[in-house]
Amino acid sequence: MFAPVYLDWNATAPLEPVVREAMLPWLGSRFGNASSRHEYGRQARAAIDEARAKVAAAVGAHATEVIFTSGGTEANNLFVKGAAGLMKPGLIAISAIEHPCVREPAKQLRRADWTLREIAVDRAGLVKRTDWLAVLATKPGLVSVMLANNETGVLQDVAALAREAKDAGAWFHTDAVQALGKIGVDFRALGVNAMTLSAHKIGGPLGAGALVVDKRLELAPLLAGGGQERGLRSGTENIAALVGFGVACELAAARVSGENVRLCGLRDALEAGLAAHGMRIFSAGAARLPNTVFFATEGVDGETLVARLDRAGFACASGSACSSANPEPSHTLLAMGVEREVARGAVRVSLGRDTQERHVVDFLACLGQQMSELNNLTAVAVQ
């Protein structure tokens, strides 16, 4: 019997068995409120401290710079709204291809008299140099540019952008959710003021994330309460999830180099096959994540193709999982200047630790069959 093949690792990764084992005691025999003074509380606090140290080590940060959140969305909101909450209203600049959990809070700042400017990208999905310099000339207070795009996999030169933004007097944030575990991520080397991470993209649990933030940056908390997480994220900690996050970071950091090479090989084989099928591969000439391929062919609806592939046993995506309810084409592709009709046909395949060469071969064979059937249906409809 055919086993389904999961090719949507950028949406989420399955929980690592080692992570699950580390979490289980904190879902049963071990418990306690980390704010309590007794032994149960001290054990819980020690578990959180250990998890924080592991997350920090995975990205070259200090443990005191890691603020735990419920995920990447909360961490991005904490930076955007938290930084703006303690600054005089001014300009916030974000790249035109940011994830909705950066774009939407940035838009909300308009209600507090902030001005929002989206930084243009070129046809490869990279920040356009001329527009970037024009933005810096307007002296933004806050800047957010993602390290790796969740749809195309394109990598921005965040270190250079952060250096120039800080020279212009701006606080610089990067969403590194998709980068962690796929490439090396170093908070110090990037030189950013804040960086967002998420557990479930690297085989950790859903509902855990972090904002890694320079201690010199003051933020207004989104939640008021008991003062957990240096007063920036009140609420009793989800110990099991944080323990899992720490172990997942430890595993990801240990594997990243080897997985990078392996996944690059699989991605190249996949793209060669897609090219043979006449597919257009977005951002093919840019530096990208080793596991991500975003492609399309004119005249074929991406949602339709994804549904047919799913019925055949291959799970992939027509774009970002967080935007799946939006019938509009990918805002990333539109920002890159891709024609709307072509963008409607976009399909994302993202590979992961369980992906094997045979999965790529089988996917390409299935894709060829589905495309042939769709083309035949189109020919009949035209007649």
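This is a predicted model: local features need pLDDT of at least 70, side-chain atom pairs count only at pLDDT 80 or more; totals for chains, interfaces and linings use all residues.
Leaving aside neighbours within four places in sequence, which residues is Leu161 in contact with?

1. **Leu161 and its surroundings.** The residues in contact with Leu161, sequence neighbours within four places left aside, are Val127, Trp132, Val145, Gln156 and Phe172. Leu161 belongs to helix H6, which spans residues 158-167. Its relative accessible area is 8%, under the 20% cut-off, so Leu161 counts as buried.

2. **The seven-stranded sheet.** Seven strands make up an open sheet with mixed pairing, in the order S2-S8-S7-S6-S5-S3-S4. S2 and S4 are at the edges and each has a single partner strand, so one side of each has no neighbour in the sheet. From one strand to the next, the twist averages 20 degrees.

3. **Two pairings within that sheet.** S2 (residues 66-69) and S8 (residues 209-213) are antiparallel and share four bridges, with Phe68 opposite Ala210 in S8. S3 and S5, on the other hand, pair in the parallel sense over three bridges, and there Ile94 sits opposite Ser144 in S5.

4. **Side chains on S2.** In a regular strand, side chains alternate between the two faces of the sheet. On S2, Val66 and Phe68 point one way while Ile67 and Thr69 point the other way, and all are buried.

5. **Helices on the sheet.** H4 lies across S3, S4, S5 and S6, and runs at about 160 degrees to S3. H6 also packs on the sheet, where it touches S5 and S6, and its direction makes about 160 degrees with that of S6. The buried residues of H4 (residues 100-108) are Cys101, Val102, Arg103, Pro105 and Ala106. What these residues pack against includes helix H3 (72-84) and helix H10 (331-335), along with strands S3 (91-95), S4 (115-119), S5 (142-144) and S6 (171-175).

6. **The three-stranded sheet.** A further open sheet has three strands in the order S9-S10-S12, with antiparallel pairing. Its edge strands are S9 (280-281) and S12 (347-350), each of which pairs on one side only. S9 is joined to S10 (residues 292-296) by two bridges, and Arg280 stands opposite Ala296 in S10. Helix H8 packs on this sheet and touches S9, S10 and S12, its direction making about 10 degrees with that of S10.

7. **Glu259 on H8.** Glu259 is found in H8, which covers residues 239-276. With a relative accessible area of 19%, against a cut-off of under 20%, Glu259 is classed as buried. Beyond its neighbours within four places in sequence, Glu259 is in contact with Gly352 and Arg353.

8. **The cavity.** How many cavities of 30 Å³ or more does the structure hold? There is one, and the space in the largest cavity comes to about 250 Å³. Of the 20 residues lining the largest cavity, those closest to its centre are Gly181, Lys201, Ile202, Glu259 and Arg353. The lining divides into ten nonpolar, four polar and six charged residues.

Technical notes: Residues are numbered from 1 along each chain as its sequence is written. Side-chain values use heavy atoms; hydrogens and water are left out. On a 1 Å grid over the protein atoms alone, a cavity is a set of points where a 1.4 Å probe fits but cannot get out, and a pocket is an open set with protein on both sides within 12 Å along at least five of seven lines; lining residues have an atom within 4 Å of a point. Grid points are joined across faces, edges and corners, and a volume is the space filled by probe spheres set on the points. Ala, Val, Leu, Ile, Met, Phe, Trp, Tyr, Cys and Pro count as nonpolar, Asp, Glu, Lys and Arg as charged, and the others, Gly among them, as polar. Buried means under 20% relative accessible area, exposed over 50%, partly exposed in between (1.4 Å probe, protein chains only). Contact means heavy atoms within 4.5 Å. Two strands pair if DSSP finds at least two bridges between them. Axes are lines fitted to C-alpha atoms, for helices over the stretch in contact, and angles run from 0 to 180 degrees between N-to-C directions.
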